[in-house]
Amino acid sequence: MKDVAIIIPAYNESLTIEGVIQQFYEQMPEAYQVVVDNRSSDGTGEIASRVMAELSVHGEVIFEGMPGKGNALKRAFRDVEAQVYVIVDADLTYFASFTPSSTNSSNRFLSTSKPFLNDLASGNCFSNSFLF
């Protein structure tokens with residue numbers, strides 16, 4: 001089981017997927033990144049695979065044939081077991097710098113060494129804050 005999995009559903013995000021993978025790798029290098037290519041026709045999955053290999057990112061690219069972000073997320077949850085899931089968009093909507101670093105062991109959002117007080121934390125790209 002992974003400690004932290006970053007789930008990145010992607011549909012035709014060839015222009016931004018490299019930046020998303022790189023930003024989250026720099027912020028959370030030990031996290032397991034999962035790009036779910038949701039029937040992209042622009043090479044998104046291939047670009048993601050190349051970038052992950054070049055950066056030595058822990059993770060994988062998986063393909064979901066049923067259209068829609070919900071189906072992409074269901075595929076990720078079926079295929080990847082983790083204590084914490086971080087879901088981000090593949091279009092650079094959410095900056096990795098807004099995500100608490102998992103290297104900070106006192107961080108109650110991403111800490112996997114302490115029992116969770118909450119089942120869900122939700123953040124948004126506009127307030128730079130989280131709801132627990």
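**Exercise 1.** Find which residues Glu64 is in contact with, leaving aside its neighbours within four places in sequence.

*Solution.* Step 1: apply the cut-off, since contact means heavy atoms within 4.5 Å. With those neighbours left aside, the partners of Glu64 are Val36, Asp37, Asn38, Arg39, Asn71, Ala72, Arg75 and Arg78.

Step 1: Glu64 sits in the loop between strand S3 (59-63) and helix H3 (69-79); helices (H or I, at least four residues) and strands (E, at least two) are DSSP runs, numbered from the N terminus.

Step 2: check its accessibility. Buried means under 20% relative accessible area, exposed over 50%, and partly exposed in between (1.4 Å probe, protein chains only). Glu64 has a relative accessible area of 6%, so the residue is buried.

Step 3: look for a polar contact, which is a pair of N or O atoms within 3.5 Å; within protein, one must be able to donate a hydrogen and the other to accept it, and residues adjacent in sequence count only if both atoms are side-chain atoms. The Glu64 side chain reaches the backbone nitrogen of Met66 at 2.8 Å.

A note on the source: this is a predicted model, in which local features need pLDDT of at least 70 and side-chain atom pairs count only at pLDDT 80 or more, while totals for chains, interfaces and linings use all residues. Residues are numbered from 1 along each chain as its sequence is written, and side-chain values use heavy atoms, with hydrogens and water left out.

**Exercise 2.** Work out which residues of helix H1 are buried and how they are arranged.

*Solution.* Step 1: in H1 (residues 17-27), the buried residues include Ile17, Val20, Ile21 and Phe24.

Step 1: looking down the axis of H1, the buried residues fall within an arc of 95° (taken from the directions from the helix axis to the C-beta atoms), so they line one face of the helix.

Step 2: recall that an α-helix has 3.6 residues a turn, so residues three or four places apart point the same way.

Step 3: see what this face meets. The buried residues of H1 pack against strand S1 (2-10), strand S2 (32-37) and helix H2 (44-55).

**Exercise 3.** Say what Thr44 touches and where its side chain reaches.

*Solution.* Step 1: Thr44 belongs to helix H2 and, at 0% relative accessibility, counts as buried.

Step 1: not counting residues up to four places away in sequence, Thr44 touches Ala10, Asn12, Glu13, Ser14, Ile17 and Asp37.

Step 2: the Thr44 side chain reaches the backbone nitrogen of Glu13 at 2.8 Å, and that of Ser14 at 3.1 Å.

**Exercise 4.** Describe the surroundings of Tyr32.

*Solution.* Step 1: Tyr32 lies in strand S2 and is buried, with a relative accessible area of 16%.

Step 1: leaving out residues up to four places away in sequence, Tyr32 touches Lys2, Val4, Ala5, Ile6, His58, Gly59, Glu60 and Val80.

Step 2: Lys2 lies over the face of Tyr32, at 4.4 Å from the ring centre. For such a charge, NZ of Lys or CZ of Arg must be within 6 Å of the ring centre and within 35 degrees of the ring normal.

Step 3: compare sequence with space. Tyr32 and Ile7 are 25 residues apart in sequence and 8.5 Å apart in space, C-alpha to C-alpha.
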